[in-house]
Amino acid sequence: MTEPTVSHSVNTQVMQSHENSDSDTSQQTEYSLLQVNGAWNRQTGGQTQKEGRLSAAKIFQSTSEHGLSWTVVSPIVFTYRVIQCHNLLDVGNDTLLCGHIEDQDELKAFRSNTKPIKRFIIIDETVNQLYGSQVTRYFEARNVLYRILPLPTTEENKSMELVTRILEEVHKFGIDRRSEPIIAIGGGVCLDVVGLAASLYRRRTPYIRVPTTLLSYIDASVGAKTGVNFANGKNKLGSYIPPVATFLDRTFIRTVPRRQVSNGMAEMLKMALMKHRGLFELLETKGKYLLDSSFQSHDKISGCCDLEDAASSSTRIAIETMLEELAPNLWEDDLDRLVDFGHLVSPELEMKVLPALLHGEAVNIDMSFMVYVAHQKGLLTGEEKARISHCMVGLELPVWHQDCTLALVQKSLSERLKHSAGSLRMPLPTGLGCADSVSSLQKSSMKSVMKSCARLSRSGVMNLVLLDIWR
């Protein structure tokens with residue numbers, strides 16, 4: 001069980017004047033905030049401390065020739081739980097109803113409450129065909145007042161129209177925004193869309209994520225980002241609002257098509273290349289077994305109960321490394337992000353060829369390109385480059401696509417510069433399991449790398465032929 005606590009400070013300035021000059025001289029007073037008898041009051045450090053509730057927030061008041069200004073520093077703490085569990089839909093398992101409640105007094109109150117429990121559930125249409133009867137049976141057996149809304153949550157439908165539809169249905173059903181979290185059951189698109197809807201409903205309604213694909217299990221479900229596509233751009237609308245909890249049950253992955261399992265392994269490989277050599281070596285040696293077994297734990301290593309099997313170990317490491325990168329930078333204030341590896345060119349490529357490439361496939365093509373960039377820059381040896389490419393092929397991931405043109409790469413880099421303070425901030429592997437950010441990429445280098453990647457695709461057993469077989 002992993003329970004990350006993420007804190008983030010928000011500085012809000014309320015200005016009486018619209019202009020300030022460097023020559024302004026100002027006097028600043030720092031105020032703390034104390035709640036007494038229900039009212040918050042400012043107090044300076046020199047004032048006698050009264051009994052009450054002290055906030056971590058501060059107000060700084062400044063006086064200048066233009067008048068007064070106030071700077072508000074308000075730390076905002078998000079706490080969310082990421083919980084591995086088994087048999088989530090078993091009627092005897094409480095997790096889906098109250099696994100998000102950590103406080104023991106609150107949990108006791110929940111269990112002793114005679115008020116009917118209400119839950120609104122959004123489930124992907126395909127997932128509903130497979131597990132809908134189990135979901136219904138679960139809530140029926142627990143005497144829950146529920147509404148299940150199946151939706152076609154595909155990348156092509158990932159829009160504000162879908163968000164609005166969810167909000168309309170939630171409003172009709174009626175929920176207590178503090179104690180009745182919305183539940184999302186599905187892949188990454190479902191979790192993203194429902195998360196955005198929940199963040200908008202009454203400005204923030206708690207929600208729970210139940211990922212049913214490998215990609216959403218290790219990636220989309222454990223972070224804070226929500227979003228939908230807009231203006232032909234991937235996730236152009238969204239928010240940073242984490243769920244109150246994510247419940248991870250690997251048994252859902254049993255019914256995921258092989259191509260979707262491979263798709264999820266691309267995000268796992270991303271974390272391996274960026275920061276965990278052991279995970280890379282596990283994917284390198286056990287990748288085919290993990291694909292064949294759909295990440296189900298059939299046996300223990302050497303029959304020893306103390307050792308994790310490949311499925312348990314690989315998913316745990318992928319999640320832990322992801323949380324290590326996300327928790328300190330939940331709102332992406334720091335633009336140097338290792339988790340952006342594979343996400344420089346892939347958004348443009350994925351949207352251009354939609355639905356030909358799955359998200360992880362587009363990410364892997366991006367990573368394949370960047371591995372060659374890293375080698376050309378002297379960051380990777382030829383042997384390391386070859387091992388990475390061979391691993392990608394072994395995971396049945398495409399390494400190139402004909403629509404990944406020089407023009408598309410240049411457009412992607414241009415978009416990156418616009419939104420990254422004028423610097424590419426491009427994470428690249430500097431070995432197997434370590435990385436660093438670089439800030440430039442020459443056009444001549446791009447041309448050379450693209451030729452190498454195209455040759456790799458033509459010479460390997462993997463490329464668009466595999467995609468044709470899957471289709």
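A salt bridge is counted here where a side-chain nitrogen of Lys or Arg lies within 4 Å of a carboxyl oxygen of Asp or Glu. The model is predicted, and local features need pLDDT of at least 70, side-chain atom pairs count only at pLDDT 80 or more, while totals for chains, interfaces and linings use all residues. Residues are numbered from 1 along each chain as its sequence is written, and side-chain values use heavy atoms, with hydrogens and water left out.

## Salt bridges

The structure holds 27 salt bridges.

| Pair | N to O distance |
|---|---|
| Arg142 and Asp94 | 2.5 Å |
| Asp292 and Lys288 | 2.8 Å |
| Lys411 and Glu348 | 3.5 Å |

For the places of these residues, helices (H or I, at least four residues) and strands (E, at least two) are DSSP runs, numbered from the N terminus. The side chains of Arg142 and Asp94 meet in a salt bridge; Arg142 lies in the loop between α3 (125–141) and β8 (145–151) and Asp94 in the loop between β6 (81–84) and α1, so this pair ties together parts that are 48 residues apart in sequence.

Asp292 and Lys288 both belong to helix α8 (residues 277–293), where they stand 4 residues apart, about one turn of the helix. Asp292 is partly exposed with a relative accessible area of 44%, whereas Lys288, at 54%, counts as exposed.

Lys411 forms a salt bridge with Glu348; Lys411 sits in helix α13 (residues 406–418) and Glu348 in helix α10 (residues 346–353), so the contact ties together parts that are 63 residues apart in sequence. Lys411 has a relative accessible area of 46% and is partly exposed, and Glu348, at 23%, is partly exposed too. Salt bridges also link Lys225, Glu332, Arg337, Asp340 and Arg416 in a network.

## Charged surface patches

Patches are made of residues with over 30% relative accessible area and no salt bridge, like charges being joined within 9 Å and nonpolar side chains (Val, Leu, Ile, Met, Phe, Trp, Tyr) within 5 Å. The accessible areas come from the Shrake-Rupley method with a 1.4 Å probe, and for residues only the protein chains shown count as cover. Lys and Arg count as positive and Asp and Glu as negative, while His and the chain ends are not counted; the place of a charge is taken as NZ of Lys, CZ of Arg, CG of Asp or CD of Glu.

Glu102 is found in the loop between α1 (95–98) and α2 (104–112) and is partly exposed, with 41% relative accessibility.

A patch of positive charge gathers Arg178, Arg202, Arg203 and Arg204. Arg178 is placed in the loop between α4 (160–173) and β9 (182–186), and its relative accessible area of 70% makes Arg178 exposed. Arg203 is found in the loop between α5 (188–200) and β10 (207–211), where it counts as exposed at 79% relative accessibility.

## Backbone geometry

Most residues other than glycine have a negative phi, and most peptide bonds are trans. Arg203 has a positive phi of about 70° although it is not a glycine. Asn235, in strand β12 (residues 233–240), has a positive phi near 55° and is likewise a residue other than glycine; Asn235 is partly exposed at 34%. The peptide bond from Leu354 to Pro355 is cis, with omega near 5°, and Pro355 is located in the loop between α10 and α11 (359–376).

## Strand hairpins

Two strands are taken to pair if DSSP finds at least two bridges between them. Strand β4 (residues 53–64) and strand β5 (residues 67–79) pair in the antiparallel sense over 7 bridges, and the two form a hairpin with 2 residues between them. Within this pairing, Gln61 has Trp70 of β5 as its bridge partner.

Strand β14 (residues 426–431) is mostly covered, 5 of its 6 residues being buried. β14 runs antiparallel to strand β15 (residues 434–438), to which 5 bridges join it, and Gly431 has Cys434 in β15 as its bridge partner. The hairpin that β14 and β15 form has 2 residues between the strands, and Gly433 in the turn has a positive phi of about 100°.

Methods: Buried < 20%, exposed > 50% of the residue type's maximum accessible area, 1.4 Å probe, protein only.
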